[in-house]
Amino acid sequence: MNPTGTEPLGSEPPGRPRNAVVVGGAGHIGSAIARRLALDGFRVTALDLAADADQQSGEASVIRCDVSDPHSVRTAFAQFASGATELDALVTAQGALREGPIDSFASDDWDLVHNVNVRGTYLSIQAAMPLLRAGVAPAVVTLSSVSAYVGSTGGFAYTASKGAVCSLTMALAQELSADGIRINTVCPGWVDGGFTAQALQASNDPDALLRKAASAHLLGRMARADEVADAVAFLASDQARFITGTQLFVDGGFMVNR
């Protein structure tokens, strides 16, 4: 049994370890995903703007990448391909959040959110396609959010971007199936840390915000990043080999509790 108490889900094909790329892999949720996939036997590479090129971060090697820039994405995947010709799992876990009312929301903030969350997903999958086609039972997992389905005051840009990620995932399920590639999305509720930590820092009443976050979920608390990572690992594994084009809610009953 591994240190988290969860059994590995991946399977190692003869002759080589399975390869995984986690876009946004230096972030709060992304790094948890990278650790989980490494425990499952994947050789993990993280792509992230916040990372220094060629560094090592825990279980993953890290390549610096701006997911909103086509040249940067192509260069990052070319660097990955210099050491591996097959990709078995691609996870797009990058994220950007900007909030504000519609009447004063800056177009630059809209562009940032959509360039990272939507454009970055499209560019990453596009660049990875030749490697995925060469992979063993290849799988793509995108990261959306319950925000794709639930509006919030000031959160329309993020909601629109995460809705687009869900739609993109469903649309690509048809196209990628011709190459034997599965694609699914994970929709977390509130996650402890990351964007929630930023919201708490900016809040005038962080205790009230914490109570709101806990009561929004039937299970009475926010998710941990490793719980989101477990769901991603499942969808990337052979245990999900007949699942494609779906959304997996990791939300502690958030959607049911609306």
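**Surface and fold**

I started with the surface. The chain exposes about 11900 Å², and I see that carbon and sulfur atoms supply 53% of that area. The areas are Shrake-Rupley values with a 1.4 Å probe, and for residues only the protein chains shown count as cover.

I note the ground rules here: this is a predicted model, where local features need pLDDT of at least 70 and side-chain atom pairs count only at pLDDT 80 or more, while totals for chains, interfaces and linings use all residues. Residues are numbered from 1 along each chain as its sequence is written, and side-chain values use heavy atoms, with hydrogens and water left out.

Next I checked burial. Of 258 residues in the chain, 49% count as buried (under 20% relative accessible area; exposed is over 50%, partly exposed in between; 1.4 Å probe, protein chains only).

I then listed the secondary structure. The chain has seven helices and eight strands (DSSP runs: H or I of at least four residues for helices, E of at least two for strands, numbered from the N terminus).

I also looked at contact range. I took contacts in the chain between residues at least 6 apart in sequence, a contact being heavy atoms within 4.5 Å. Of these, 70% join residues at least 24 apart.

**Helix α3 against α4**

I went to helix α3, residues 107-133, and helix α4, residues 156-177. Their axes come within 8 Å and cross at roughly 15°. Axes here are lines fitted to C-alpha atoms, for helices over the stretch in contact, and angles run from 0 to 180 degrees between N-to-C directions. I therefore log α3 and α4 as roughly parallel to each other (under 35 degrees; over 145 is roughly antiparallel, 65 to 115 roughly perpendicular, the rest oblique).

The crossing of α3 and α4 is right-handed (near helix turned clockwise from the far one by less than a right angle; left-handed if anticlockwise).

Who makes the contact? From α3 I have W110, V113, H114, N117, V118, T121, Y122, I125 and M129. From α4 I have F156, A157, Y158, A160, S161, K162, A164, V165, L168, L172 and L176. I sorted the residues of this contact: 15 are nonpolar, four polar and one charged. My classes: Ala, Val, Leu, Ile, Met, Phe, Trp, Tyr, Cys and Pro are nonpolar, Asp, Glu, Lys and Arg charged, and the others, Gly among them, polar.

**Helix α2 against α3**

I turned to the contact of α3 with helix α2, residues 70-81. The axes of α2 and α3 come within 10 Å and cross at roughly 35°. This crossing is right-handed. P70, V73, F77, F80 and A81 of α2 meet R119, L123, S124, A127, A128 and L131 of α3. I count them by class as nine nonpolar, one polar and one charged.

**Helix α1 against α7**

I looked up α1 and helix α7, residues 225-236. Their axes come within 8 Å and cross at roughly 50°. That makes α1 oblique to α7. The crossing of α1 and α7 is right-handed. On α1 I find H28, I29, A32, I33, R36 and L37 in the contact. On α7 I find A225, D226, V228, A229, D230, V232, A233 and A236. The residues of this contact divide into ten nonpolar, one polar and three charged.

I stayed on α1, residues 28-39, for R35. R35 is partly exposed, at 41% relative accessible area. Its C-alpha atom is 9.4 Å from that of G25, ten residues apart along the chain.

**Single residues**

Where is A137? I place A137 in the loop between α3 and β6 (139-143). A137 has a positive phi of about 45°, yet is not a glycine. Most residues other than glycine have a negative phi. A137 is partly exposed, with a relative accessible area of 39%.

I checked A60 in strand β4, residues 60-64. A60 is buried, at 2% relative accessible area. Beyond its neighbours within four places in sequence, A60 contacts A34, V44 and A46.

My last entry is Q94. Is Q94 buried or exposed? Q94 is buried, with a relative accessible area of 7%. I found Q94 in the loop between β5 (89-92) and α3. Leaving aside neighbours within four places in sequence, Q94 contacts V23, G24, V67, V116, N117, G120, T121 and K162. The C-alpha atoms of Q94 and S144, 50 residues apart along the chain, are separated by 9.9 Å.
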